[in-house]
Amino acid sequence: MQLTFLQAAVPLTKKYTKRTDGGYDKTSYPLVSKVTSHVEEIATVDDFAAALRAHAEKGHCLHTGSLDAALVEESRKGHHNKDEERSWIMLDLDGLTYGSVEEFINELPDPFHAVSYIAQHSPSSGLKPGLNMHLFFLLDRNENMSTVRDWLKYTNLVTKSLRDQ
C-alpha cells in the first residue's frame, strides 16, 4: 500500500508557543499553494508508523489520499480524489473525555478491538483537556472513503458516549 506525504517550504504543522503568562498561542497549519509529494510503500502497521515518524521529523504531512501525478513545488488542486478507496483510516480525536485510548477504542465497533493501531499525539495534546490525537488503523481491504465517513457519522450517532461529546 502507498502513503503520500506532502512537503512545502515551511513545516506543515500546527504550532503552540508558550507565553510568559503561562498560556499558549496557537499558529494554525500554514496555507501553502505549492507542495512536493513523496510516496512511501508500506506493508505493515510498523512500516506505517516509521513513515509517519520520518516524515513528521521533516515537517511533512500525510495526504489522506493518493495523487494522479508526482508533484514538485506545485498545487495539488485537481490532483486528488478524496473519495477514493484506500486501506487505512485515521480517527481525529479532539478533546474526547475518555481516560485512555483503549477506553475510547472499546466504545467502537468490534472490528477495532484487539488490533494494532498507531496513536499520534496532536499538537494540542497535553495543552487542552481530553484525548487529542490521531489514531491510524489499517483495514483488511480497500474501502471507499465516502462510505467510511458515512459509517463513522452513524457510529457517532448510535454510540451514546460518542454522541454526548
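**Strand pairing, nonpolar cores and surface features**

Lys 15 has Thr 27, in strand 3, as its bridge partner. The model is a predicted one, in which local features require pLDDT of at least 70 and side-chain atom pairs count only at pLDDT 80 or more, whereas totals for chains, interfaces and linings use all residues. Residues are numbered from 1 along each chain as its sequence is written, and side-chain values use heavy atoms, with hydrogens and water left out. Helices (H or I, at least four residues) and strands (E, at least two) are DSSP runs numbered from the N terminus, and two strands are taken to pair if DSSP finds at least two bridges between them.

By this criterion, strand 2 (residues 15-18) pairs with strand 3 (residues 24-27) in the antiparallel sense over four bridges. The two strands form a hairpin with five residues between them, and in the turn Gly 22 has a positive phi of about 95°. Positive phi values also occur in residues other than glycine: Glu 73, in the loop between strand 5 (61-63) and strand 6, has phi near 45°, and Ala 114, in the loop between helix 2 and strand 7, has phi of about 55°. With buried defined as under 20% relative accessible area, exposed as over 50% and partly exposed as in between (1.4 Å probe, protein chains only), Glu 73 counts as exposed because its relative accessibility is 60%, and Ala 114 counts as exposed at 86%.

Strand 8 (residues 131-144) is joined to strand 6 (residues 85-96) by ten bridges, and the two run antiparallel; within strand 8, Leu 135 stands opposite Leu 91. Strand 8 also pairs with strand 7 (residues 118-121) in the antiparallel sense, over four bridges, and here Met 133 of strand 8 is the bridge partner of His 121. In the loop between strand 7 and strand 8 lies Ser 122, which counts as buried because its relative accessibility is 8%. Apart from neighbours within four places in sequence, Ser 122 is in contact (heavy atoms within 4.5 Å) with Asp 92, Leu 93, Asn 132, Met 133 and His 134.

A nonpolar core is a set of buried Ala, Val, Leu, Ile, Met, Phe, Trp, Tyr and Cys residues joined through side-chain atoms within 4.5 Å. The largest such core has 17 residues, and those with the most contacts inside it are Leu 91, Leu 93, Phe 104, Ile 105 and Leu 135. At least two residues of this core are supplied by each of strand 6, helix 2 (101-107), strand 8 and helix 3. Apart from this core lies another, of eleven residues, among them Leu 3, Phe 5, Trp 88 and Phe 136. When neighbours within four places in sequence are left aside, the contacts of Leu 135 include Ile 89, Val 101, Phe 104, Tyr 117 and Ala 119.

Helix 3 (residues 145-158) also contains Trp 151, which counts as partly exposed because its relative accessibility is 33%. Asp 46, in helix 1 (residues 45-57), is exposed, with a relative accessible area of 57%. The C-alpha atom of Asp 46 is separated by 9.1 Å from that of Tyr 117, although the two residues are 71 residues apart along the chain.
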